Amino acid sequence: MALPVKHELSVIKIGQILTRYPFAATFFENNGIPADSNKEKSLDEYFSTIDETYKEDMAISQEHFTGQLEEYITQMLSFLGDTGTKVDSLTILPGHGKTGEPENFSHLTIKKNEIISIVGPTGSGKSRLLADIEWAAQNDTPTGRSILINNEQPDQKWRYSSSEKLVAQLSQNMNFVMDLSVHEFLELHAESRMISDRKNIIMKIIDQANHLSGETFDTETPITALSGGQSRALMIADTAILSSSPIILIDEIENAGIDRKKALELLISEGKIVLIATHDPILALMGNRRIVIKNGGIEKIIENTDDERSILTEIEIMDKKIQSLRRKLRNGEHLTTID
Amino acid sequence: MNLVTVSGPPSVGKTSVILKTIISLKSRGLKVGVVKFDCLYTDDDVLYEKAGIEVRKGLSGGLCPDHYFVSNIEEVVDWGLGKDFDLLISESAGLCNRCSPYINGINAICVIDNLSGIGTPKKIGPMLKSADIVVITKGDIVSQAEREVFASRVHSVNPKAVILHVNGLTGQGSFELSTLLYKENDHITSLKGKTLRFSMPAALCSYCLGETRIGESYQMGNVRKIDLGKN
């Protein structure tokens, strides 16, 4: 599709603009210009028919509107034509801690489908590390770290594009706040991502969410009425499948009502790089490595040991037992033995 | 001196965002001052003072806050120049959705929050649609999907703006914002000759002048009637 030219946008019929760039309908709607009833007019004609008071009331000017429309169309065309940057690896190059001491590692590369945990006390610098990744730091943040994507200096778009962000976040404190049913909500998210095959992708997300929580929900349920486990399951499935961000940061996931192992498997099966900030031993050991943060800097990077791997197997068994007790309590049963 | 105008609906976290951002600006050795515009009351000036930032406040009282802002911004700039600031930040609440506080050629930031509902970007006029930078707050308490949808709605009404997510509590994103606020060659020495990006909401009727009685015979000047249809 040809790029729009501002002058041309002013003189061709609004109907022609919409035929050429169907996605522009949203732009007209959100900016308060009724496109449907003015298809036969050009923008020049439309703006000459509306009176000054209306323009003043709605705070619209032709110059501003057309300029923004041109920008919107240009960006959307490049977004639609772009198959998206495939992120295969993320590399962190060292900077320094809070008091300026250099970080003690040469470089850290995390590949897609990999899980890495981040440990360290509150205030030690976990958020700053995440922010460095999100901003694709180039020795220009307070830590002096640099980030490489696919072993190269990252594109500026990761900083300034509104539709492509490097990092998606899932945290304990997050809630759904929209007044929508599960189906409407997913529909809206898919629409904002310009997904054409919405029906299938929505079904896939619902299937996966049900698989994670084990408590099946109806797609007509308001998202604000889902149980804690169901909400978390839906957030994770949606982020895995619909979010454009290649890196997922998880800030703890509560144990209740969700299969965390399956959740992580889902995320990495969608080609994501997963970072988990946690002190929960099961989650922390699910990655193969962990980053230890101290005093604002990365102090070390630890590989899981054989001892830790066997500890993980043991605590997973304990966890299953606790989950099964929980299930029995929920079903109104007596607890007799731990099996 | 650079000038930045920050605006946004009440309670979105403008002051928190500015306070966190100034920390990064100060660590670059920049001298920053703030002028806070509000309507009836504000104690945000105390917050700025506590953080060691020079601040002045202006309360519009019974006047339209937008009109009050534009009638005073020139004096505010003179004050900032006298204080030898590198960067002067004006903070004002957009109290109606038609607020239009931005000046051509002066960096304009609109702050809105994720909790305000996805219909909100469409409802806010020039304050959002003609901003250079849109800061979205309170992203830590809503889902990833809602953040993405909200940002895409903002983008669809203002595609030219840079959209940043800032957490006013932890300061996440504030360093990044600070890198966009000060430019070596964006200095101003006066606002003379500059214009507003949009005309401000108009008002001039008998109620502007203190009329309190209700009834058609007391209404004079710029009065408009609601259309309720026919019975």
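## Exercises on a predicted two-chain model

Take contacts in chain A between residues at least 6 apart in sequence: 69% of them join residues at least 24 apart, where a contact means that two C-beta atoms, placed from the backbone, lie within 7 Å. The model is predicted, so to speak of a local feature takes a pLDDT of at least 70 and side-chain atom pairs count only at pLDDT 80 or more, while totals for chains, interfaces and linings use all residues. Residues are numbered from 1 along each chain as its sequence is written, with chains lettered from A and ligands numbered from 1 in the order in which they are written.

**Exercise 1.** Find the domains of chain A and the distance between their C-alpha centres.

*Solution.* Start with the assignment, whose bounds come from an automatic or database source. Domain 1 covers 6-81, and domain 2 covers 89-113 + 123-246 + 255-273. Next, take the C-alpha centres of the two domains: they lie 34 Å apart. For scale, the C-alpha trace of chain A spans about 80 × 55 × 35 Å along its principal axes.

**Exercise 2.** Describe the side of chain A that touches chain B.

*Solution.* Begin with the counts: 37 residues of chain A and 34 residues of chain B take part in the contact. Then look for elements of chain A that give two or more residues; among them are α3 (24-30), α6 (62-81) and β5 (167-171). Helices (H or I, at least four residues) and strands (E, at least two) are DSSP runs, numbered from the N terminus. The largest share, 5 residues, comes from α6(A). Finally, sort the residues on this side of chain A: 16 are nonpolar, 18 polar and 3 charged. Here Ala, Val, Leu, Ile, Met, Phe, Trp, Tyr, Cys and Pro are nonpolar, Asp, Glu, Lys and Arg are charged, and the others, Gly among them, are polar.

**Exercise 3.** Work out the strand order of the open sheet with 3 strands in chain A.

*Solution.* The order is β2-β1-β4, with antiparallel pairing; strands pair if DSSP finds at least two bridges between them. At the edges are β2 (108-111) and β4 (146-149) of chain A, each pairing on one side only. Now zoom in: β1 (residues 89-93) of chain A pairs with β4(A) over 4 bridges, and Leu93(A) stands opposite Ser146(A).
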